Amino acid sequence: GVEEGAKNQFSTFSNFITTINQKKEGIGNRNSPTQLVIPNIKNGRDLPPLCLDVRQKQRISIDTLPQELKAPLPPEPSLPIRTKTVKDFQDDMEKSKASGDWKAVHNFYSTTFDSFLEINAAFKKDTNSPFNTIEDSGIDAKFVDVVYDALLNTPQDVQKSVLKGIINGLLQEWTGPRTKDDLRAYCILLQNPQFSNTSTYVIYAHLLRQIAALTEADHHFLVHWSKKISQKRFKQVVDRLLQFISLRLFPAKPEEFPPMVKCTWWIPSATKVLALFNAANSLISPPIISYTDFYNSTLDHIDLMEEYHNWQCYGNSHRFSFCQYPFIISIAAKKVIIQRDSEQQMISIARQSLVDKVSRRQKPDMNMLFLNVKVRRTHLVSDSLDELTRKKADLKKKLKVTFVGEAGLDMGGLTKEWFLLLIRQIFHPDYGMFTYHKDSHCHWFSSFKCDNYSEFRLVGALMGLAVYNSITLDIRFPPCCYKKLLSPPIVPCDHNTLVGICGVTLDDLFQIMPELAHGLSELLSYEGNVEEDFYSTFQVFQEEFGVIKSYNLKPNGDKIPVTNRNRKEYVQLYVDFLLNKSIYKQFAAFYYGFHSVCASYALLLLRPEEVEILVCGSPELDMSALQRSTQYEGYQKTDLTIRYFWDVVLGFSLDLQKKLLHFATGSDRVPVGGMADLNFRISKSETSTNWLPVAHTCFNQLCLPPYKNKKELKQKLIIGISNAEGFGLE
């Protein structure tokens, strides 16, 4: 039953498998409808395709089916009667540990896991109830936990009997659709801790294969049942699946597993099952575990661009690619895909410009290979808007910024400065484009009507250029903004299609206007007469330039009172008005500006939270991590000046630490990969110690004179980082 490539690892396991048929002849076929035969696993029949046959490049997700499925349910076979309780099992375990006689425990495990029917007989809360709904799986979760927690502490022959029974169940001949008892058995078997051991991976792979091949309706039940599993057990199953994928990709001992060419279905099957748990996780608010717990960092070390190109070429068809399941790809890996995709687009656009010049017999100019933006500091917004509007055909070229009247050459530092100053000016309250909400510490779009929304398009283009050129911005938008930015992730061909409209809830409003959201929440929970006590209608009022204007939330809304019966509709329409309808033109301009630069299928891989991290980086500063990853030129990390420097920096307030980061790198945000990705460097400056420190933001480099004492270093450093705007040329 075990493939030749794993003989050494599975030698003891193989010995007991070879005796299964002999034992089974003596026992009879009491639990399985067919005689147990262990075939060569290599000859197992192929699964149906794991992916939907769709041509559009969309994320594969588990579709939520109607609560009541109309398809007729196959009859449930009658279950054996098993009366053992949690207390009975725990008593048997205690007696076995004390006496050393494991016969009762062995009998329980070997009987319970001998077939899917026996699994249900043992762990179903009521064997006489069908439990055919998604709300209740009917599984006695406490009993399952107790049995699995005890399993790894039993003798080897007990553990082998469980694996033998699982093989027995997996080899059953299926003549029709799966019953709910079968799905319950799959749900229970997935939680088996034995599958953390690589010696069981052949069995585990076949279990995953069968689950992956279930119908969409069966997957629907498994998704909803899985969300009821405890957080601890849920996390264990997810980690086990991720480990299985990692060790199949990069086995510590290749001889442990069959050759990859003979088990190409292992990874697709595991990933599809992992997708079921990801779908279950997304149905809960807050989720059972963080979305980052589904990341598999092992994938950072495979050829991601090949995966991406396969996905681009074949979509979600029969050819497997991890890009079909983007939840498993880490944000660091997605950043690599986006950067390389951006670089390829930049090269393609630059090459086309060069070809066009040559075809017209014009002399090529290096500047034509870049998006050259020339601005005056005194007219920053208007100059930037003019430049980006005039050069919109060049937005996908590498960005280079020049400040008029300054001699600095842009090797990256001027670009960072331009972004920082422009964002700071546009988001200033006096500018009127965005409203800053103090309670939530974030900006939101002003709903004031205007004749021209081009500046909102500029902000969107700035965010797109930042992602495209790997620059982090200090923008404080709520998560809802990034959800709208991906609605849809690909710009529709039909310009009449609405963009930037997404489903919003009261939770989204809480993240922007918590006080208003709290008031609406109180309205929903109010126990008195809403119509008489609140005297509200389906109408909202907004102040615009000192004038109060009213808007109906629905036709004739000013004549429809808010009552106990319709208050949920009122709250939903109110939230939708604030976050979608009242700012539609502003956000649509912002959306088109962003996608004018970042139009890429790579955006389909991203969650809204991941777009935010790509745009803004992380605000969490870990200066100790920066210290560990810093490189030195002319200094050793044990030199007195360096020790003074880190003593001073680690003692800085958060504000001064951000100023230092901005002084040395051009941004006070941490990139996706953390402090190590900054490649921060401290170089020895041979100038007089009377000089202030100097930074080369293009290279994230700080030039530090060898100051004689800590007091002098601290004084000069604070002066330097607090007065750092403008560029010179050495």
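Modeller: Helices (H or I, at least four residues) and strands (E, at least two) are DSSP runs, numbered from the N terminus. This is a predicted model, in which local features need pLDDT of at least 70 and side-chain atom pairs count only at pLDDT 80 or more, while totals for chains, interfaces and linings use all residues. Residues are numbered from 1 along each chain as its sequence is written, and side-chain values use heavy atoms, with hydrogens and water left out.

Biologist: Which element gives the largest share of the lining of the largest cavity?

Modeller: A cavity is a set of points on a 1 Å grid over the protein atoms alone where a 1.4 Å probe fits but cannot get out, and its lining residues have an atom within 4 Å of a point. Lys335, Ile338, Gln339, Ala466 and Val467 are among the residues lining the largest cavity. Two elements, α14 (331-359) and α17 (454-468), each give two or more residues to this lining. The largest share, three residues, comes from α14.

Biologist: What is the volume of the largest cavity?

Modeller: There are four cavities of 30 Å³ or more. A volume is the space filled by probe spheres set on the grid points, which are joined across faces, edges and corners. For the largest cavity, the volume is about 100 Å³.

Biologist: With which residue does arginine 233 meet in a salt bridge?

Modeller: A salt bridge is a side-chain nitrogen of Lys or Arg within 4 Å of a carboxyl oxygen of Asp or Glu, and the whole structure holds 25 of them. Arginine 233 is buried, with a relative accessible area of 4%. Its partner, at 3.1 Å from N to O, is aspartate 149.

Biologist: How many residues apart in sequence are the parts tied together by glutamate 406 and arginine 377?

Modeller: The side chains of glutamate 406 and arginine 377 meet in a salt bridge of 2.4 Å, N to O. Glutamate 406 lies in the loop between β2 (398-403) and α16 (413-426), and arginine 377 in the loop between β1 (370-375) and α15 (380-390), so the parts tied together are apart in sequence by 29 residues.

Key: 1 Å grid on protein atoms, 1.4 Å probe; cavity = no way out; pocket = protein on both sides within 12 Å on 5 of 7 lines; lining within 4 Å. Buried < 20%, exposed > 50% of the residue type's maximum accessible area, 1.4 Å probe, protein only.
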